[in-house]
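Student: Hi! Could you walk me through a few spots in this structure?

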Amino acid sequence: MYKIILLLDFAEEYSKSLMKGINTYSKEFGPWIFCRMPLFHRETVGIDGILKWALEWGADGIVGQLYNKDIEKIIQAGIPVIAQDFKERFTEIPNITGGYHEAGQLGADYFLKKGFNNFAFYGFNDIVWSRERAEGFEERLKKRGHKVHYFEHKKARSTELWYYKPSSLSRWLKSIPKPIGLMTCDDNQGQHITEACRQLGIRIPEEVAVLGVDNDEMICDLSDPPLSSIALDAEKGGYDAAKLLDHMIKHGTTTDFYDIVVKPVQVITRYSTDIYATNDDHIASSLKYIHQNIDKNLHVDEVVKQVPLSRRALEKRFLEITGYPIYKYIFNLRIEKFTQKLLDTDMSVFEIALDMGLTDSKNIARQFRQAKGCSPSVYRNKYVAGK
């Protein structure tokens with residue numbers, strides 16, 4: 001029975017998802033005993049105190065947020081350790097890291113599909129997960145000929161509530177061109193933006209559409225308006241981290257390792273991005289109708305009826321503004337909604353199809369395979385911890 005120390009931020013949804021995955025693995029191959037060590041131990045007793053306690057308790061492994069400067073002491077202790085890269089990645093021990101560039105690219109694509117021409121990023125340049133999300137965001141947009149407006153904290157994880165008051169952030173938000181698609185490095189910073197905009201009278205999403213990362217539902221729902229966010233497969237990351245730790249403990253090695261990469265899954269749309277950045281009223285009306293009725297068996301003819309244009313004229317303008325034919329836009333959105341229900345519920349493919357107003361579950365399964373490259377069941381298993 002392994003004794004495992006978890007040194008994580010237990011208030012964050014990301015850490016909770018990691019722990020859920022770790023616990024799932026433990027139940028399948030353990031059981032393990034866990035010590036949930038509060039993060040203030042890292043600040044009060046330091047790495048020396050943590051390692052002293054770990055050796056006295058007889059800990060078999062540690063998963064936690066650790067400082068890079070402590071790496072030598074961690075290695076000398078000889079206890080298998082997996083670090084969450086909450087500052088920078090470690091090179092000497094395995095990391096629970098993320099597909100940060102992918103998340104940034106996903107955010108860029110999301111705003112591009114909504115017709116935005118102005119883009120901004122709000123985050124930290126001194127921590128890896130924020131910096132690389134910004135890089136991925138900018139890389140994708142530069143290829144499309146766009147620039148990114150940046151505002152970066154001078155101090156990572158500032159605890160001051162400065163964003164409620166007039167500040168450099170206020171001046172920046174007033175100065176950036178609008179309408180604008182603004183991605184933040186995580187949901188906490190996303191709520192910074194929604195609060196600051198509310199104080200300034202900047203309308204969300206009409207002037208600034210805000211997208212976070214982590215899909216921390218409590219933070220997203222507390223935000224006014226509710227915050228759209230990129231969901232991450234953190235639970236599977238926790239499961240995979242536990243599997244790696246099990247290997248390291250069994251083989252008595254602290255050198256035979258690899259990084260655990262938590263992948264972004266998809267954007268969860270809430271009110272903060274529920275808009276289409278186009279001055280064409282007919283296209284805006286068409287997009288609004290599509291999104292409001294995607295849970296019905298929607299067809300192109302029904303969209304055409306909503307505007308005083310011929311089908312040919314609407315198709316041409318729709319393609320110019322969104323980059324997609326109407327049928328393809330409906331197809332992509334339907335697959336996005338189907339995927340969200342597939343991952344967020346236990347409903348069968350048949351039940352999801354009925355819930356979306358579709359009578360042919362085999363057809364939506366075929367379309368899903370066409371879009372994702374695998375069947376719905378394989379995709380669901382891929383993104384569920386332990387499967």
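**Helix packing and a loop residue**

Tutor: Happy to! Helix α5 passes α6 in a right-handed crossing. Keep in mind that this is a predicted model.

Student: At what angle do the axes of α5 and α6 cross, and within what distance do they come?

Tutor: The axes of α5 (residues 100-113) and α6 (residues 128-143) cross at roughly 45° and come within 7 Å. The two helices are therefore oblique to each other.

Student: Which residues make the contact?

Tutor: On the α5 side they include Y100, H101, A103 and F111. On the α6 side, W129, E132, R133 and F137 are among them.

Student: How many of the contact residues of α5 with α6 are nonpolar, polar and charged?

Tutor: That contact has 9 nonpolar, 5 polar and 6 charged residues.

Student: New topic: where does R270 lie?

Tutor: R270 is in the loop between β12 (264-268) and α11 (281-292).

Student: Is R270 buried or exposed?

Tutor: Buried, because its relative accessibility is 15% and the cut-off for buried is under 20%.

Student: What lies 2.9 Å from a polar atom of its side chain?

Tutor: That would be the backbone oxygen of L227. Leaving aside neighbours within four places in sequence, R270 also has contacts that include N215, E217, D221 and S228.

Student: Back to helices. Which residues of α11 meet α14?

Tutor: L287, I290 and H291 of α11 meet I326, Y329, I330 and L333 of α14. By class, this contact has 6 nonpolar residues, 1 polar and no charged ones.

Student: And what angle do α11 and α14 pack at?

Tutor: About 35°, with the axes 10 Å apart, and their crossing is right-handed.

Conventions. Residues numbered from 1 in each chain as written. Predicted model: local features only at pLDDT ≥ 70, side-chain atom pairs only at ≥ 80, totals over all residues. Heavy atoms only, no water. Axes fitted to C-alpha atoms, helices over the stretch in contact; angles between N-to-C directions. Helix = DSSP H or I, 4+ residues; strand = E, 2+ residues; numbered from the N terminus. Parallel < 35°, antiparallel > 145°, perpendicular 65-115°, else oblique. Left-handed = near helix turned anticlockwise from the far one by under 90°. Contact = heavy atoms within 4.5 Å. Nonpolar A, V, L, I, M, F, W, Y, C, P; charged D, E, K, R; others polar. Buried < 20%, exposed > 50% of the residue type's maximum accessible area, 1.4 Å probe, protein only. Polar contact = N/O pair within 3.5 Å; in protein donor to acceptor, adjacent residues only side chain to side chain.
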